[in-house]
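Keep the picture open and follow along with me.

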Amino acid sequence: MNNCSICFVINTLNEENLPIVLKNLSLFKLSPYKIKTILIVVENYELYEKYRKILSQDKKLRNEVLTLFVNKNIPLSVGRNIGLKKCKSDYIAFIDDDVLLTNAWITTAINIFKRYDNVVAITGRCIPYVSGRKYIEKLLLNDFYWLIGCTYYDYADSSKDHFYINTLIGSNMIFRRKIFDNIGGFNQKLGFISKGERKIYIGGEDTEISYRIVLNGIGKIVYSEKMTSYHIISFKKLHIFTMIKRAFLYPLSLKLVYIELLRQKLQIDNK
């Protein structure tokens with residue numbers, strides 16, 4: 001077995017994604033690398049118990065998967081930082097619970113890291129997959145795939161195996177673990193904004209940490225066409241009200257990311 005160690009952090013809330021998570025865990029079992037998975041179940045205790053029961057029946061997974069329960073709904077940035085604190089491996093990967101990896105994802109990433117010392121983070125091609133997708137493509141042009149959470153779709157037509165980019169795809173990304181000792185974890189200010197007692201959950205933590213790597217000269221970020229994964233799009237994401245909500249929250253997330261990056265840039269310039 002390769003002595004390289006990788007930790008995967010997966011935050012999950014919905015039971016409908018359980019089969020996808022289990023398929024990824026089965027893929028990790030076959031890997032030549034030492035893989036540890038930190039599975040963070042948010043708010044849904046019944047789902048947490050279901051995972052524990054399933055994993056207890058598999059000796060290998062029982063030893064390689066740490067299942068944690070958080071009893072309140074938390075932003076993804078907070079959940080990923082929980083996993084980050086538990087991880088002691090050479091590399092750490094963050095994937096969404098509705099993303100299905102392929103065999104080439106892990107090996108391609110490690111090969112790039114070993115070949116290029118200046119590369120500190122890698123992201124791969126993520127293909128949106130929806131049942132009845134032909135109908136969806138008639139409904140939505142590629143330029144509007146961000147409305148169903150596929151902000152990465154325009155990356156998919158590259159003729160190169162891999163190339164440098166400035167922004168990671170948050171649904172599938174892997175880092176050299178040691179860089180977090182320099183830049184800290186994910187920015188939890190981007191997890192949610194409060195409107196009285198109501199909290200609006202937003203994204204952008206992947207974009208912000210990408211530019212923090214670039215601004216601080218930590219290293220290069222790579223996009224690899226060979227690191228293929230599939231983003232399983234549920235039908236509820238195709239509901240018109242869900243798309244309207246996404247149309248509002250996505251630009252708001254980018255605005256908050258820009259404000260946060262501007263603040264960091266001013267701090268760097270004043271040093």
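With that, I looked at contacts in the protein chain between residues at least 6 apart in sequence, and 83% of them join residues at least 24 apart.

I noted that this is a predicted model, where local features need pLDDT of at least 70, side-chain atom pairs count only at pLDDT 80 or more, and totals for chains, interfaces and linings use all residues. Residues are numbered from 1 along each chain as its sequence is written, and side-chain values use heavy atoms, with hydrogens and water left out.

Next I looked up the helices (DSSP runs of H or I, at least four residues) and strands (runs of E, at least two), numbered from the N terminus. The protein chain has nine helices and eleven strands.

Then I asked how much is buried, meaning under 20% relative accessible area with a 1.4 Å probe and protein chains only; exposed is over 50%, and partly exposed lies in between. I found that 49% of the 271 residues of the protein chain count as buried.

I picked L262, which sits in helix 9 (residues 240–269). L262 counts as partly exposed because its relative accessibility is 40%.

Which residues line the largest cavity? I wrote down L25, F28, I35, T37, L61, E64 and V65. Helix 1 (18–29), strand 2 (34–42) and helix 3 (59–64) each supply at least two residues of that lining.

Key: Contact means heavy atoms within 4.5 Å. On a 1 Å grid over the protein atoms alone, a cavity is a set of points where a 1.4 Å probe fits but cannot get out, and a pocket is an open set with protein on both sides within 12 Å along at least five of seven lines; lining residues have an atom within 4 Å of a point.
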